[in-house]
Amino acid sequence: MAIGSMLRRRWLPEKSFPSYAYLPGRQPHPVRDPAGHSYNSEAMPLAAKASLDSDIFLWGLDLFNHGYYWEAHEAWEGLWQVAGRGAPLRTLFKGLILLSAAGVKIREGKQAAAIRHAGRAAALLRRVNTADHTFERALGMSPAGLAEHAEAAARIPAALLATVLGQPQPVFDFILGPSSGEGQSAGKKTNSHA
């Protein structure tokens, strides 16, 4: 099955995706360039605290699952910055950020950089303590399982389809998200798809 044809659930369906999936050097920088999709706008409020229940985390999941890897990296970076130093949550966010960077590199066709980022992500994800299954519920898989997916994706290049510049394209054969609908705010739609 082609990666792009998998049904991908939305965690924040009321939020619109950016007008393009940024690839460095190919489109205007989303934040710094006046033609960028997020120039002079704050798509999400800055994180006050790091949380797997936050809209920022869920927005990062939506972006990642739908092939907006640079944008997912940016969403999760705000959470990483406010997470406590040395905290398992900070390690998890850094692993997700590096996995997003691997997605960008895969899209760019830069295999060596993709392998490096995916390997660093996997090493961090394997360090995350999962004794209480909080991270597993938030991701829909264990961090160690995600580490295995990261390494496999870097080893076996995705069969990328020819796409219009800026069109998002998922490159990973897994979908991240809360298991059993957990982690969703009351009243949020959960059955919408992009």
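## A tour of the helices

Select Gln111, Ala114, Ile115, Ala118, Ala122, Leu125 and Arg126 in H4: they meet Pro143, Ala144, Leu146, Ala147, Glu148, Ala150, Glu151, Ala154 and Arg155 in H6. Keep in mind that this is a predicted model.

**Stop 1: H4 beside H6.** The axes of H4 and H6 come within 8 Å. They cross at roughly 170 degrees. Angles over 145 degrees count as roughly antiparallel. H4 and H6 are therefore roughly antiparallel to each other.

Stop 2: Select residues 111-127. This is helix H4, with 17 residues. From its first C-alpha to its last, H4 reaches 24 Å. That is close to the 24 Å expected at 1.5 Å a residue.

Which residues of H4 are buried? Colour Ala113, Ala114, His117, Ala118, Ala121, Ala122, Leu124 and Leu125, for these are the buried ones. Turn the view until you look down the axis of H4. The buried residues fall within an arc of 165 degrees, so they line one face of the helix.

What do these buried residues pack against? Show helix H3 (88-108) and helix H6 (143-155): the buried residues of H4 pack against both.

Next, look at the face of H4 turned away from its buried side. Select Ala112 and Arg127 there; both are exposed.

**Stop 3: H2 beside H3.** Move to helix H2, residues 69-82, and keep H3 on screen. The axes of H2 and H3 come within 9 Å and cross at roughly 165 degrees. That makes H2 roughly antiparallel to H3. The crossing of H2 and H3 is left-handed.

Which residues meet here? On the H2 side, select Tyr69, Trp70, Ala72, His73, Trp76, Glu77, Leu79, Trp80 and Gln81. On the H3 side, select Arg90, Phe93, Lys94, Leu96, Ile97, Ser100, Gly103, Val104 and Arg107. These two sets are in contact with each other.

**Stop 4: the whole chain.** Zoom out and show everything. How many helices and strands does the protein chain have? There are six helices and zero strands.

Colour by burial next. Of the 194 residues of the protein chain, 50% count as buried. Finally, show the contacts between residues at least 6 apart in sequence. Among these contacts, 70% join residues at least 24 apart.

Terms used. Residues numbered from 1 in each chain as written. Predicted model: local features only at pLDDT ≥ 70, side-chain atom pairs only at ≥ 80, totals over all residues. Heavy atoms only, no water. Helix = DSSP H or I, 4+ residues; strand = E, 2+ residues; numbered from the N terminus. Expected span 1.5 Å × (residues − 1). Buried < 20%, exposed > 50% of the residue type's maximum accessible area, 1.4 Å probe, protein only. Arc of directions from axis to C-beta. Contact = heavy atoms within 4.5 Å. Axes fitted to C-alpha atoms, helices over the stretch in contact; angles between N-to-C directions. Parallel < 35°, antiparallel > 145°, perpendicular 65-115°, else oblique. Left-handed = near helix turned anticlockwise from the far one by under 90°.
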